[in-house]
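This briefing is meant to be read with the structure open alongside it. The points below are grouped by topic.

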Amino acid sequence: MRRIGIIGAGQAGLLLALGLQQQGYEITVITDRDAPAILGGRVLSNQCVFEPALRHERALGVNFWDDIVPSIGGVAFTSGPITWKTPLDHPAQSVDQRLKMSDWLAEFADLGGEVRLHKVTPDDLESYAREFDLVLVAAGRGPQFDSLFARDDRFSPYSEPQRAISMMYVSGISDRVFPGVDFSLGPEGEYFALPVLTARGPAYGMYFSGIPGGPLDCWDGVTDIDQHFEIAARLLAEFFPWAKEILDHAAPNGPLDHLHGRITPIVRDPIGRLPSGALVLAMGDAAVTNDPIAGQGANLAAHCAAAYQARILEQGDAPFDEAFMRRGFADFWPLARVTTRFSNDLLAPPPPHVLATLETAQSVPAVAHRFAQLFNDPSDYEGWLTDEAESLRYLKSFA
Ligand SMILES: Cc1cc2nc3c(=O)[nH]c(=O)nc-3n(C[C@H](O)[C@H](O)[C@H](O)COP(=O)(O)OP(=O)(O)OC[C@H]3O[C@@H](n4cnc5c(N)ncnc54)[C@H](O)[C@@H]3O)c2cc1C
């Protein structure tokens, strides 16, 4: 049986590891933290996973939280006087990645998968390439494997982070808070909140996305949750007062349930060539990193795992050569490309036809519904909101 090494135990690497393990492959996951360290560590993401990506998890039977996770049934949007709410066709869900990944890693090990604890460097990859028939790099975003996976300038319009981001989980939320993705847009940036299942129980993930240098870019130096909570309360009251009810009875969910940082969106060539000539294949954020503004990274990671798994199975005993790697990425890329475009466009000031669409959504539920489904599946974005004439024609059809 073929031996496959996967670097990283996140949404991309573990979903592929669990899927291939079920097919009888001998999988080794090499990762820098074990399950208890993940579970007891700092919060990682807001991880809103929409139904098309959940389908992959359900197909593998690793959707362990379906009966207890709060349902994310809709999308609410507010920007100044514009405000609307619409249901999602199928509920999304957010399971704290600390809980999800620690459970998945434990499941993988319980079923006989090999887990090695090691912080992998690019130099280590040569020995893995000799040991395994295929090496996948699923080690997430960041520059650590920059030397291997070249930036693709055609699809990477930004060379700097476009937002200062921050996130905090709070619990004790009033029942009146919208049980979906509650998204607000202002001149200083964005704020959104959504229900999350954490190891401590249900909570809400509160996310601020500030234009660099603006008043929402204020997180540098924040080190404890109480300070984070205080700043979040001030920002809500000042910039998103319609959403401040969320904190009325809330308290921080845990001391490590906050983060802040900046992410540069980058698309990379997913094939890395080692000095020996051996090839390794990137997946998830290691291949395509987006700013979290559209909440798509974990979704793309799941789609990537599903696409690669299908190609690996199809490959049978044939070598995992460059053509195989290109085919695997090509299956994933159409969705990744449009999702990346959608995410990157959301970071830019919205053009008038997009503002007109958001405004019309307030009075025309079909427009609100169509916009919200973009988060489920961004494929509809191109040819609609990327095309001013088509967008205006669509809006006119409701006049
Ligand atoms: C604040 C925030 C909010 C977000 N909200 C959403 C959202 O609502 N919806 C959504 O879909 N996405 C969201 N995302 C993005 C999403 O979390 C990521 O896109 C997703 O987790 C990527 O999965 P991955 O498996 O590729 O990488 P990761 O989840 O980063 O996993 C990487 C794994 O590799 C391990 N690792 C890293 N370096 C090494 C190394 N050198 N050696 C060995 N192991 C290593 C890590 O420990 C980890 O196990 C958000 C991200 C952030 C930061």
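On the side of domain 1 that touches domain 3, the residues divide into 4 nonpolar, 2 polar and 3 charged. The model is a predicted one, and the values given here were computed from it.

**Domain layout**

- The chain is divided into domain 1, which is made up of the segments 3–47, 96–158 and 264–346, domain 2, which covers 164–262, and domain 3, which covers 352–396.
- The centres of domain 1 and domain 3, taken over C-alpha atoms, are separated by 32 Å, and the contact between these domains takes 9 residues from domain 1 and 8 residues from domain 3.

**Interface of domain 1 and domain 3**

- About 870 Å² of area is buried between domain 1 and domain 3, and carbon and sulfur atoms give 62% of that area.
- Val338, Arg341 and Phe342 are the residues of domain 1 that lose the most area to domain 3, together accounting for 56% of what that side buries.
- The rule finds 2 salt bridges across the interface of domain 1 and domain 3.
- The side chains of arginine 341 and glutamate 382 meet in a salt bridge, with 3.1 Å from N to O.

**Ligand surroundings**

- The ligand is surrounded by 35 residues, of which the closest are Asp32, Ser45, Asp285, Ala298 and Asn299.
- Serine 45 places a polar side-chain atom 2.7 Å from an oxygen atom of the ligand, and asparagine 299 has a polar side-chain atom 2.8 Å from an oxygen atom of the ligand.
- In glycine 295 it is a backbone N or O atom that lies 3.1 Å from a nitrogen atom of the ligand.
- On its own the ligand has 1,000 Å² of accessible area, and the protein covers 92% of it.

Terms used: Residues are numbered from 1 along each chain as its sequence is written. This is a predicted model: local features need pLDDT of at least 70, side-chain atom pairs count only at pLDDT 80 or more; totals for chains, interfaces and linings use all residues. Side-chain values use heavy atoms; hydrogens and water are left out. Domain bounds come from an automatic or database domain assignment. Contact means heavy atoms within 4.5 Å. Buried area is the accessible area (1.4 Å probe) that two parts lose on being put together, summed over both. A salt bridge is a side-chain nitrogen of Lys or Arg within 4 Å of a carboxyl oxygen of Asp or Glu. Ala, Val, Leu, Ile, Met, Phe, Trp, Tyr, Cys and Pro count as nonpolar, Asp, Glu, Lys and Arg as charged, and the others, Gly among them, as polar. A residue is near a molecule or strand if one of its heavy atoms lies within 4 Å of it. A polar contact is a pair of N or O atoms within 3.5 Å; within protein, one must be able to donate a hydrogen and the other to accept it, and residues adjacent in sequence count only if both atoms are side-chain atoms. Accessible areas come from the Shrake-Rupley method with a 1.4 Å probe; for residues, only the protein chains shown count as cover.
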